[in-house]
Amino acid sequence: MSQNRLLQLFQFYKEDPNDPFTIYAIATELRISEPQKAMEYYEKLLSEHERYVGTYYHAASLYAELGQPDKAEQTYKKGMLISRQEGNMHAFAELQQAYNKFAGLDYEDE
């Protein structure tokens with residue numbers, strides 16, 4: 001992760017805290033190094049910009065990685081619903097495929 005890139009994104013965020021793309025970019029930059037912090041930004045998108053379809057795939061998979069399968073499942077399902085409503089069938093197909101793979105996992109044995 002480029003520290004300069006992250007600083008630039010935070011500057012954009014400061015200038016326009018309601019731009020979903022900036023929030024999404026910050027979450028994506030933080031995902032590897034600070035997953036909990038990244039989740040805060042994904043959750044901001046989920047609550048304040050629920051039509052920003054790109055969030056659902058990444059937020060759901062991060063919930064799963066963080067050991068929150070119920071939230072992951074809810075997020076995948078809501079993302080499929082909204083992407084269908086938005087007519088974004090590419091996003092819908094990606095979410096459905098990811099959800100099916102996720103649903104096949106057995107968290108009980110971990």
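Modeller: Please bear in mind that the model is predicted.

Colleague: Which residue meets Arg5 in a salt bridge?

Modeller: The partner of Arg5 is Glu29, with 2.4 Å from N to O. Arg5 belongs to helix α1 (residues 3-15) and Glu29 to helix α2 (residues 20-30), so this pair links distant parts of the chain, 24 residues apart.

Colleague: Is Glu29 buried or exposed?

Modeller: Glu29 is buried, because its relative accessible area of 15% falls under the 20% cut-off. Arg5, in contrast, is partly exposed, at 43%.

Colleague: What does Glu65 pair with?

Modeller: Glu65 forms a salt bridge with Arg31, and their closest N and O atoms are 2.5 Å apart. Glu65 is in helix α4 (residues 54-65) while Arg31 is in the loop between α2 and α3 (35-48), so the bridge ties together parts separated by 34 residues in sequence.

Colleague: And how accessible is Glu65?

Modeller: Glu65 has a relative accessible area of 57%, which is over 50%, and therefore counts as exposed.

Colleague: Where does Arg51 come in, and which residue does it form a salt bridge with?

Modeller: Arg51 forms a salt bridge with Glu86, the closest N and O atoms being 3.4 Å apart. Both ends are in loops: Arg51 between α3 and α4, and Glu86 between α5 (69-85) and α6 (89-103). The pair thus ties together parts that are 35 residues apart in sequence.

Colleague: Let us change topic. Where is Tyr76 found?

Modeller: Tyr76 is in helix α5. Its relative accessibility is 4%, so Tyr76 counts as buried.

Colleague: Which residues does Tyr76 touch?

Modeller: Leaving aside residues up to four places away in sequence, Tyr76 touches Tyr57, Ala60, Ser61, Leu95, Ala98, Tyr99 and Phe102.

Colleague: How many residues separate Tyr76 from Phe102 in sequence?

Modeller: Tyr76 and Phe102 are 26 residues apart in sequence. In space, their C-alpha atoms are 9.3 Å apart.

Conventions:
Residues are numbered from 1 along each chain as its sequence is written. This is a predicted model: local features need pLDDT of at least 70, side-chain atom pairs count only at pLDDT 80 or more; totals for chains, interfaces and linings use all residues. Side-chain values use heavy atoms; hydrogens and water are left out. A salt bridge is a side-chain nitrogen of Lys or Arg within 4 Å of a carboxyl oxygen of Asp or Glu. Helices (H or I, at least four residues) and strands (E, at least two) are DSSP runs, numbered from the N terminus. Buried means under 20% relative accessible area, exposed over 50%, partly exposed in between (1.4 Å probe, protein chains only). Contact means heavy atoms within 4.5 Å.
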